[in-house]
Amino acid sequence: MNRLSRVSIAAFALAAGAALTGCVVAPVGPYYGEPVVTAPPPPQVEVVPVAPYPGWLWIGGYWTWQANRHVWVGGHWTAPRPGWRYVPHRWDPGPRGWREAPGRWERR
């Protein structure tokens, strides 16, 4: 490798490093949004259709908070993720109201 190539690689590495200094990777917490004073309604009864493929996982529906009201999001089938487990969506009571924790995949 000649001197010009080494200088070019070093300049690229320096420029890439400078560009990435503005990137922030923040961990995703279990909750999102502000607490909600109104408790979510009881879960709706869902008729679970036949799985599209053997081994697929049913992710049940849940209440979410949109436009200052609870809105039902229906369940759906999803492909399994080996080495992962699904943690269902939930609402937790707290001192300032209810906090929404979205469903998510976690490594086993």
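Where is the place of His89? I found His89 in the loop between β6 (84–87) and β7; strands here are DSSP runs of E, at least two residues, and helices are runs of H or I, at least four, numbered from the N terminus.

A note on the source: this is a predicted model, where local features need pLDDT of at least 70 and side-chain atom pairs count only at pLDDT 80 or more, while totals for chains, interfaces and linings use all residues. Residues are numbered from 1 along each chain as its sequence is written, and side-chain values use heavy atoms, with hydrogens and water left out.

Next I looked up the sheet. Three strands make an open, antiparallel sheet in the order β1-β8-β7 (two strands pair if DSSP finds at least two bridges between them). I noted β1 (32–36) and β7 (90–94) at the edges, each with a single partner strand, so one side of each has no neighbour in the sheet. β7 pairs with β8 (residues 97–101) in the antiparallel sense over five bridges, and Asp92 has Arg99 in β8 as its bridge partner.

Back to His89: is this residue buried or exposed? I read 14% relative accessibility, so His89 counts as buried (buried is under 20% relative accessible area, exposed over 50%, partly exposed in between, with a 1.4 Å probe and protein chains only).

Last, I checked the neighbours of His89. With residues up to four places away in sequence not counted, His89 touches Tyr32, Tyr62, Trp63, Glu100, Ala101, Pro102 and Gly103, contact being heavy atoms within 4.5 Å.
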